[in-house]
Amino acid sequence: MASRRVLQIGGATVAVGGAYYLYSAGGNPSVAEKKLEHDVSAAGARLKGQDLSGKEAQRKGEVLAKEAGATLDRTVDNVRADIRQADKVITSKMNEAGSKVDQLKDEGTKAFNDTSKELQQTADSFDKKVNQKTSEAKSGISSWLGFGK
């Protein structure tokens, strides 16, 4: 009778375990089977003393965290160096552009002043000719009318 009772308890345990894995796999028997195999191999590893829980897992986690931290630090340093280099290039280009703007402004001002001076000289010359011709015309008209000198 005891062996029958053991079989009933063992069968119920297997049925409940199977139901658990089937439920956690969302009703998919192949996924449930893989989860069961994973759990069985993990339990076997624990029995053999290959358990990675506890201090060993913590040590490996710390090593991995240090490696990840170092990689992250290198990446951050590289990005900062790239940003500094880009900032230098941008500053240089801005200074270069500012110098070019100043140069073009000076050239434009000089060209404007030269053109203004030429225009003023031309206007003065025109005024002189107009005054001279007006004077000549007045004296000619005056002499015709008998008002001459």
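Asp114 is partly exposed, at a relative accessible area of 33%. Keep in mind that this is a predicted model. Asp114 has a partner. Which residue forms a salt bridge with Asp114? It is Lys110, and the closest N and O atoms are 3.2 Å apart. Lys110 is exposed, because its relative accessible area of 54% is over the 50% cut-off. Asp114, at 33%, falls between the limits of 20% and 50%.

Where do the two sit? Both lie in helix H3, which covers residues 55-145. They are four residues apart, about one turn of the helix. Side chains of opposite charge can pair when their charged atoms come close. How many salt bridges does the structure hold? One.

Now the whole chain. It has three helices and zero strands. From the N terminus on, the order is α-α-α. The chain has 149 residues, and buried ones make up 3% of them. The exposed surface comes to about 13,200 Å². Carbon and sulfur atoms supply 60% of that surface.

Next, Tyr21. You will find Tyr21 in helix H1, residues 2-24. Is Tyr21 buried or exposed? Buried: its relative accessibility is 16%, and the cut-off is under 20%.

What does Tyr21 touch, leaving out residues up to four places away in sequence? Ala32, Lys35, Leu36 and Asp39. Take Lys35 from that list. Tyr21 and Lys35 are 14 residues apart along the chain, yet their C-alpha atoms are separated by 7.1 Å.

To recap: Lys110 pairs with Asp114 in a salt bridge, and Tyr21 is buried.

Notes. Residues are numbered from 1 along each chain as its sequence is written. This is a predicted model: local features need pLDDT of at least 70, side-chain atom pairs count only at pLDDT 80 or more; totals for chains, interfaces and linings use all residues. Side-chain values use heavy atoms; hydrogens and water are left out. Helices (H or I, at least four residues) and strands (E, at least two) are DSSP runs, numbered from the N terminus. Buried means under 20% relative accessible area, exposed over 50%, partly exposed in between (1.4 Å probe, protein chains only). Accessible areas come from the Shrake-Rupley method with a 1.4 Å probe; for residues, only the protein chains shown count as cover. Contact means heavy atoms within 4.5 Å. A salt bridge is a side-chain nitrogen of Lys or Arg within 4 Å of a carboxyl oxygen of Asp or Glu.
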